[in-house]
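This briefing covers one protein model. Please look at the sequence and the coordinates before reading the points below.

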Amino acid sequence: MELLECTLSIDDLDAFVADLGAIGDRHDVTIQAFDARYVAGRAHLERAVDLADRAIARGENVARDRAVEILLYAAGRRQIDRALEMGVDEGETRAVVLVDEDSTGNEGVRSDGDGNADADETASLEAVADLAAVVATEPTLEEPDEETLCSFFEITDAERGATDASLSALVRERVALLEVEK
């Protein structure tokens, strides 16, 4: 999995999503863009990818599209409309674009596909970075927006006070709980 941390300026969301889809199809990768305010770090997205792939391998996925299934897990929600809040929108957004090889093996374990997963991910990440909507590549995950994360994932002050777990760990717990709620 590769991540592009950037600022996006999107004039036409449908065209931007179509561009990501075309790049993904060309390189046989899955691409999903997230509003960085809703991402609790790389481990959050890694967990979402792992759980989405496991659901797909078991035939338990909600979405037909792998990118949408990853979004559902990252958001910790089964309803696509509610999960879309975590995605990017028109206007300027600090974002994280996830690029991941588009293949799964048995039991949700990643397969090597054509053996060129790293090259495919790198080439597609470069193609995404070259899109007109990417106005700057810059760190967006260094300082998580704790207020937005707590609100979106419904993490209370009492919960945070009752544990020494990091906010990122609590968000990953919400992502994992989606499996239990099915």
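The model is predicted. It holds 9 salt bridges and 0 disulfides.

**Helix 1**

- Helix 1 runs over residues 13–27, and its 15 residues reach 21 Å from first to last C-alpha, close to the 21 Å expected at 1.5 Å a residue.
- F16, L20, I23, G24 and H27 are the buried residues of helix 1. They lie on the same side of helix 1 because they cover an arc of only 100° around the axis.
- An α-helix has 3.6 residues a turn, so residues three or four places apart point the same way.
- D14, D25 and R26 are exposed on the other side of helix 1.
- At the start of helix 1, a side-chain oxygen of D12 comes to within 3.1 Å of the backbone nitrogen of D14.
- After helix 1 comes D28, with a positive phi near 55°.

**Nonpolar cores**

- The largest nonpolar core has 35 residues, of which L3, F34, L45, Y73, M86, L98 and I155 touch the most other members.
- Two or more residues of this core come from each of helix 2 (42–58), helix 3 (66–75), strand 3 (91–101), helix 6 (146–152) and helix 8 (167–181).
- A second, separate core has 20 residues, including L4, L8, I10 and L125.

**Cysteines**

- C6 is buried at 0% relative accessible area, and C150 also counts as buried at 13%.

**Salt bridges**

- D53 and R66 form a salt bridge through their side chains, at 2.7 Å from N to O. D53 is in helix 2 and R66 in helix 3, so the pair links distant parts of the chain, 13 residues apart.
- D53 is buried, with a relative accessible area of 0%, and R66 counts as buried at 9%.
- D53 and R66 are linked with D100 in a network of salt bridges.
- R94 and E138 meet in a salt bridge at 3.8 Å, N to O. The pair ties together parts 44 residues apart in sequence, since R94 lies in strand 3 and E138 in the loop between strand 4 (134–137) and helix 6.
- R94 is partly exposed at 41% relative accessibility, as is E138 at 29%.
- E146 and R160 meet in a salt bridge at 3.2 Å, N to O. E146 lies in helix 6 and R160 in helix 7 (residues 157–161), so this pair ties together parts 14 residues apart in sequence.
- E146 is partly exposed, with a relative accessible area of 40%, and R160 counts as partly exposed at 29%.

Note on methods:
Residues are numbered from 1 along each chain as its sequence is written. This is a predicted model: local features need pLDDT of at least 70, side-chain atom pairs count only at pLDDT 80 or more; totals for chains, interfaces and linings use all residues. Side-chain values use heavy atoms; hydrogens and water are left out. Helices (H or I, at least four residues) and strands (E, at least two) are DSSP runs, numbered from the N terminus. The expected span of a helix is 1.5 Å times one less than its number of residues. Buried means under 20% relative accessible area, exposed over 50%, partly exposed in between (1.4 Å probe, protein chains only). The arc is that of the directions from the helix axis to the C-beta atoms. A polar contact is a pair of N or O atoms within 3.5 Å; within protein, one must be able to donate a hydrogen and the other to accept it, and residues adjacent in sequence count only if both atoms are side-chain atoms. A nonpolar core is a set of buried Ala, Val, Leu, Ile, Met, Phe, Trp, Tyr and Cys residues joined through side-chain atoms within 4.5 Å. A disulfide is a pair of cysteine sulfur atoms within 2.5 Å. A salt bridge is a side-chain nitrogen of Lys or Arg within 4 Å of a carboxyl oxygen of Asp or Glu.
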